There are 2 protein chains.
Amino acid sequence: MATYLTVDLGGTKIATGFVTLDDAGQAAPVVEDLRSVPTEAPRGGDDILRRLAALVADRVRDRDGLAGVGIGSAGVVADGTIISSTDLIPGWTGQRVAETLAETTGLPVGMVNDVVAHGLGEAHHGAGRGHARVLSVGVGTGIGGAIIVDGRPVTGAHAVAGHIGHIAHGLGRGVRCSCGTLAGHIEPVASGTGLATLYNLMKDDAVAEVASGKDVSDLAAAGDAFATEVIARSARALGEALGGAVNLLDPDAVVVSGSVAGSGAPWWDALRAGFADGAMALTRTIPLLPGALGGAAPLVGAAVAAAQAVG
Amino acid sequence: MATYLTVDLGGTKIATGFVTLDDAGQAAPVVEDLRSVPTEAPRGGDDILRRLAALVADRVRDRDGLAGVGIGSAGVVADGTIISSTDLIPGWTGQRVAETLAETTGLPVGMVNDVVAHGLGEAHHGAGRGHARVLSVGVGTGIGGAIIVDGRPVTGAHAVAGHIGHIAHGLGRGVRCSCGTLAGHIEPVASGTGLATLYNLMKDDAVAEVASGKDVSDLAAAGDAFATEVIARSARALGEALGGAVNLLDPDAVVVSGSVAGSGAPWWDALRAGFADGAMALTRTIPLLPGALGGAAPLVGAAVAAAQAVG
């Protein structure tokens, strides 16, 4: 048993908690004493890192015998540094986060991208447990992903491997992706935001616009046939794109989590139908598994990153 | 220096040759004494393996001091056995090819899928040389691919990783793929066969049908504007699909070879434009490199597989 202070740093909040992992892998991870503070992203990267270091120092003092610190952070992470970040967190690029936290705490620090942390958590202790090659797909406001092979994240040549939201699908053609392209990515029509976009694109003029994917889910739950159809179209497209992705990657399992993945059986049925259609005979049998850790996945994954940093 | 007998076994012919690799990696591979016999696929897997073993025994007798035998074969290969194959070679599934050739020759045998052999050759001794993570894409009658990381093929959970022809693209929607789907794969509109399919789908009734991708290339080379447009559409779609694939895989380089890749600058220009549009800012810089080994790639890759089997 080893306990880690873990951090999940996103554009809106910084969550922290203590995660205890069973080294033997028998007991489920224990996540305790969760806290959350606003990121206050507009204050900029230097300010965020200063506050993060103070917060981590503070929390480390609360608990004896910590084995290390794990952090999953927004942005592209390589060697404990943010090598690229969107404008959502100005000045986050270039911050040497792991080094700062190691100096502050005197503890080993493991750091990965937040989406990778989510995948690491699910692969080691969640739905992907026991599978050697896991493709983790998070369908929330956007669509993120991570590839975990033999327990380690596959980061690629530029630390961006796993961006499953940015693979091609015809349904996305002409719909602007968060990465800027109009060529047709799956994210802008299959994320939560994408559900709302697709609804607004497909609807008659007489139907009112929706503001979010949750609006579409709520309408469908209330029996609205058109919202139900939009969800089916969106999920089927995502399934087809994932079917193509597994023909390329051939993982043992695909773990699908995030708020949209929690929207119910019609979404999953369409996802599975699209997947069966896009996958080949030998990959069609790859299980699509709902994430098992919920919101705890990124902190559990951060703890795994910390444990891997310890060695 | 070590010399291997190498085999490239496809649906129509069995090519063999001696390949000498420089262990130090300085000299280019030398491919000698190429021969080719018909596969005679309809005679079935047992008969093919019997003739292959006799052929290999015969050729091994021709050359002293061989270090091993390498074979790239059509079908899905795992542990030296064909675990799945199309109806093009009936009865090929289940054949324990590597074991048979090892018993016949008394030499170490390395065996991979033929498309993987092509990728191994290009990654080690061709356009991908010096790149740690190579995505190899072969655009010929169909579209095949292989992922080579740190010199070794990534085969995945079911030995099918790398099937880049079977990833999603909207242009393929409704066009039947060789794998059976109508959901929209890139192969049926971007392979050589796919070029002809796309031409015939897009043309006016007054325009005559074409029979092959070469017909389309020949028309374009002769100045036909419509054929030129079809090639641009097809190559752009493939580029977009590859752009999405590198967002997921993040390789150091993409090597593109095969007959269609040899069709000239307009095809490459459209491929690169589509790739730039489908890739993200951090993956757009990944080089798209024309294959450097031509038709020798599968035999050179088979020699690499043999060298890896030797140890």
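1. The contact draws 42 residues from chain B and 42 residues from chain A. Please keep in mind while reading that this is a predicted model. Together, chain B and chain A bury about 3100 Å², and 62% of that lies on carbon and sulfur atoms. On the chain B side, Leu248(B), Asp250(B) and Leu282(B) stand out: they supply 21% of the area that chain B buries against chain A, more than any other three residues.

2. Now to the polar side of the interface. Between chain B and chain A there are 20 residue pairs in polar contact, both residues being at pLDDT 80 or more. The salt bridges between the two chains number two.

3. Which elements of chain B give two or more residues to the side that touches chain A? They are strand E8 (133–139), helix H7 (225–249) and helix H8 (265–278). H7(B) gives the most, with seven residues. By residue type, the side of chain B that touches chain A divides into 20 nonpolar, 16 polar and six charged.

4. Lastly, a local feature of chain A. Strand E5 (residues 76–78) and strand E6 (residues 81–84) of chain A run antiparallel and are joined by three bridges. Ala78(A) stands opposite Thr81(A) in E6(A). E5(A) and E6(A) form a hairpin with two residues between them. In the turn, Asp79(A) has a positive phi of about 50 degrees.

Note on methods: Residues numbered from 1 in each chain as written. Chains lettered and ligands numbered in written order. Predicted model: local features only at pLDDT ≥ 70, side-chain atom pairs only at ≥ 80, totals over all residues. Heavy atoms only, no water. Contact = heavy atoms within 4.5 Å. Buried area = accessible area lost by both parts, 1.4 Å probe. Salt bridge = Lys/Arg side-chain N within 4 Å of Asp/Glu carboxyl O. Polar contact = N/O pair within 3.5 Å; in protein donor to acceptor, adjacent residues only side chain to side chain. Helix = DSSP H or I, 4+ residues; strand = E, 2+ residues; numbered from the N terminus. Nonpolar A, V, L, I, M, F, W, Y, C, P; charged D, E, K, R; others polar. Pairing = 2+ DSSP bridges.
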